[in-house]
Amino acid sequence: MSKYRIKYSQDDKVKYISHLDFLRTVNRVFARSKLPLKFSNGFNPHTIMTIGLPLSVGITSVCDVLDIELTEPMDTAYMKEILNSNSPEGIRILGVKNAEGLPPLFGIDSAIYTARFDSDKEIDIDRFIAEESITIEKKSKRGMKEVNIKDFIRSMKVIPADDTMYAVEMHLNAGNFSNIKPELVIATLAQYSGASFCNIAVNREKIFFEDGQEVF
Amino acid sequence: MLKKQIENILPFVEKPARYTGGEFNSVVKDKNRVDIRFAFCFADVYEIGMSHLGMKILYHLLNEREDTWCERVFAPWVDMEDKMREAGIPLFALESMEAVKDFDFLGFTLQYEMCYSNIVNMLDLAGVPLLAADRGEGDPFVVMGGPCAYSAESIAPFADFFQLGEGEEMMNECMDCYREWKEKKLPRAEFLKMVSKIPGVYVPSFYNVDYNEDGSVKSITPINDEVPKTVKKRVIEDLDKVYYPDRIVVPFIEIVHDRIMLEVFRGCIRGCRFCQAGMIYRPVREKNASTLLDCAQKLIDNTGYNEISLSSLSTSDYRQLPELSEKLLEITEDKKVSLSLPSLRLDSFSMDLMNKVNKVRKSSLTFAPEAGTQRMRDVINKGITEDDLMNSSRMAFEGGYSSIKLYFMMGLPYETVEDVCGIADLSKKVVRQYFSVPKEKRSPGLRVTTSVSSFVPKAFTPFQWARQNTMEELREKQQALKECMDDKRVKYNYHEAPISVLEGVFARGDRRLADVLICAHKKGIRFDGWSQFFSMEKWNEAFAECGLDPAFYTRERSFDEILPWDMIDVGVRKDFLISEAKKAEQGIVTPNCREKCSACGANCYKGGVCYE
Ligand code: SF4
């Protein structure tokens, strides 16, 4: 079995495509690259691919990962090159490695994001960070649920902003066990501050496994 | 910067990926290193425009030129347009995100009449003077083409010039001409003179149109001796030698036809009398199977698409279909690509082919008898008999299909209520065919869907002189048909009448309708093709304000009346159309091009079926 782990970025050009659009796009990248893809059996054969952590619409990333299965081993440097030349401009392949023996992607449990934004009034982010508990409505499998958003935020800090008024970095629960969308944290911050934000740019910077090891 | 402004509004609109470009195979060039910037505009949303084959061909053809950068422009959806107008963002092109008003050309493809209001709206959003007469030095040239261009007099005052017919050669000639004009730094009017020398180019402002008291055309006069009396459409004589892109833009979001389309031939041998495409694309010219296979291979490799379809007017008439389909199936199986077939005439060959293609799921089959009685099918020259349909549906049911779609038209010339009710009879007979197949041989779940659209007389067809049914007549016929449709096993769909009446007005319109288009635009009319936006009341107001009556355009005309599009020559001669119209009245059929040539005039082009 030849399984490969691929690290890639998604920039502004592709931030508005949905997860489904992304899957279709990546499958076409693989098809164009003519790699010896392994297909599932059955009526509608499809590639055997796992996306580490789906990215929500409107967010960019410099650290996403996926696993793909091939029918035979390939040179990883070659793979990186051929995939890049067959990817749309907004998706760049940052690295490829053999996934044999690597921890499986379903073990992902947190991610670091940065968010930059303008606000219609001055806000106190540190006060938000210092709060013990902020209750919000969160969508769960069984309808809306009240949760403490702080339970999902591992750490958060103000970082230097360049173009915008404010910038924060946040380490959030992410993955199958517990997940929060970064845009929800920002929306909560706006609501908490009684402010309205615009020019919001959220980027995913790093993804981690449970043991704190970076995923790629 | 415009780009930044656009980015700011994107989070607030539906499907922002319609406006961001960046798709694989889209072409980005350095604007400082090209001489010509061409905005290829499609007056509908991204998902529809991106599905259009002609645009794919010309986009890549233009971008093959080092001196030209062709970009795509689609009509922004209403939410986006509103945000753009609020923020003062003009119409922009997807590749550069720059305003199209600074381009050299805005090219519009006219695919259906119901996009005219969008064209006016897009010109306005672009900040380009709406009428060609109001454009000056520094403004882009607005060029139009596509199937409606042969009789697009109502939109003609908005165009600087038209390209009539197939564009692959003409487009390059026009760009060469433009370059020469630009190098010589000549005034704007000079370019129109120069470009009008290219065969197939029609410059509306070079023709004066006068009207009679009653509103009909009195005369069409070229403004001087240099202007030809008629402009003849261009065709590509040898489709194996013409440019076809080996790559196409692969969208991120799903579009209507999200697959590779292989055009196997142009034109149609059949000569159905209601069908404009069947006349304006004459003569039939086929591509060689080897050309197509080579093309298929490259397109699959360069796009990564996993579906490919054959696209032509009546694909069963392609003489190399057995070879082509066999080899295509080999390629597609090998590459895990699925082949989708258009609706084929049903015989043992096509049944066998469909079984190979749909190994698992038997989708529904489509038949288009178009009319309910034999008399009516003879009138329209649709060479299908009731027996043909019964045999085909039986074969389909025996072959395991249980869902059949039937397409009909109502409002055809010489049609009676009996003909309309014949639609119901025929549908019920198809149901009976299903039950005549032994239970163990047929699949469960019978579904017969009968869709009836309203006939719209089109220019350059034998019915171009015919009176179009009024809304009331159509409604009555729909009602009559509904009453005959008493079999619950037939699902009956019909199209709304008002929109086909408006379509009919613009399909046979004259230049005076340009005022109505401007007036409609001021009333905020756009996206007429989308029923949620279509408002006949607003259109009626616009007609009234301009002192024009829609019924004038849908009336019957005499053979000797000057038609608004008489300065255009599509190859098929008027006397042939008149003889076809007379044969229609008598219910006499005309053989297809391969049975017997009827000397329609299209053999003036040296190629295709006329010389087989
Ligand atoms: S000239 Fe004859 S063969 Fe050619 S298109 Fe006309 S009818 Fe068909």
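A search over all chains of this structure finds 67 salt bridges, where a salt bridge is a side-chain nitrogen of Lys or Arg within 4 Å of a carboxyl oxygen of Asp or Glu. Before I go on, the conventions. This is a predicted model, so local features need pLDDT of at least 70 and side-chain atom pairs count only at pLDDT 80 or more, while totals for chains, interfaces and linings use all residues. Residues are numbered from 1 along each chain as its sequence is written, chains are lettered from A and ligands numbered from 1 in the order in which they are written, and side-chain values use heavy atoms, with hydrogens and water left out.

One of the salt bridges joins Lys458(B) to Glu113(B), with the closest N and O atoms 3.5 Å apart. That pair links distant parts of the chain, 345 residues apart. Lys458(B) sits in the loop between strand E17 (447-454) and helix H15 (471-484), and Glu113(B) in the loop between strand E3 (105-109) and helix H5 (116-126). Helices (H or I, at least four residues) and strands (E, at least two) are DSSP runs, numbered from the N terminus.

Now the chains. Chain B comes to 20 helices and 19 strands. Its C-alpha trace spans about 75 × 65 × 50 Å along the principal axes. The radius of gyration of chain B is 25 Å, which agrees with the value near 25 Å for a compact globule of 612 residues. That radius is taken over C-alpha atoms, and the globule rule is 2.2 Å times the number of residues to the power 0.38.

Chain A has four helices and ten strands, in the order β-α-β-β-α-β-β-α-β-β-β-β-α-β from the N terminus. Its C-alpha trace spans about 55 × 35 × 30 Å along the principal axes. For 216 residues the globule rule gives a value near 17 Å; chain A has 19 Å, which agrees.

Next, the interface. The contact (heavy atoms within 4.5 Å) takes 25 residues from chain B and 20 residues from chain A. The two chains bury about 1900 Å² between them, 60% of it on carbon and sulfur atoms; buried area is the accessible area (1.4 Å probe) that two parts lose on being put together, summed over both. Which three residues supply 33% of the area that chain B buries against chain A? They are Phe24(B), Phe252(B) and Lys336(B), more than any other three residues.

Lys336(B) has a further feature: a positive phi of about 55°, although it is not a glycine. It lies in the loop between helix H10 (321-334) and strand E14 (338-340) of chain B.

Between chain B and chain A there are three salt bridges. One of them pairs the side chains of Arg28(A) and Asp258(B), at 3.5 Å from N to O. Helix H1 (2-9) and helix H9 (289-303) of chain B each supply at least two residues of the side that touches chain A. H9(B) gives the most, with three residues.

Last, the ligand. Its surroundings include Arg282(B), Cys593(B), Cys597(B), Cys600(B) and Cys610(B), a residue being near if one of its heavy atoms lies within 4 Å. Arg282(B) is also one end of a cis peptide bond to Pro283(B), with omega near -5°. Pro283(B) is in the loop between helix H8 (276-280) and strand E12 (285-286) of chain B.
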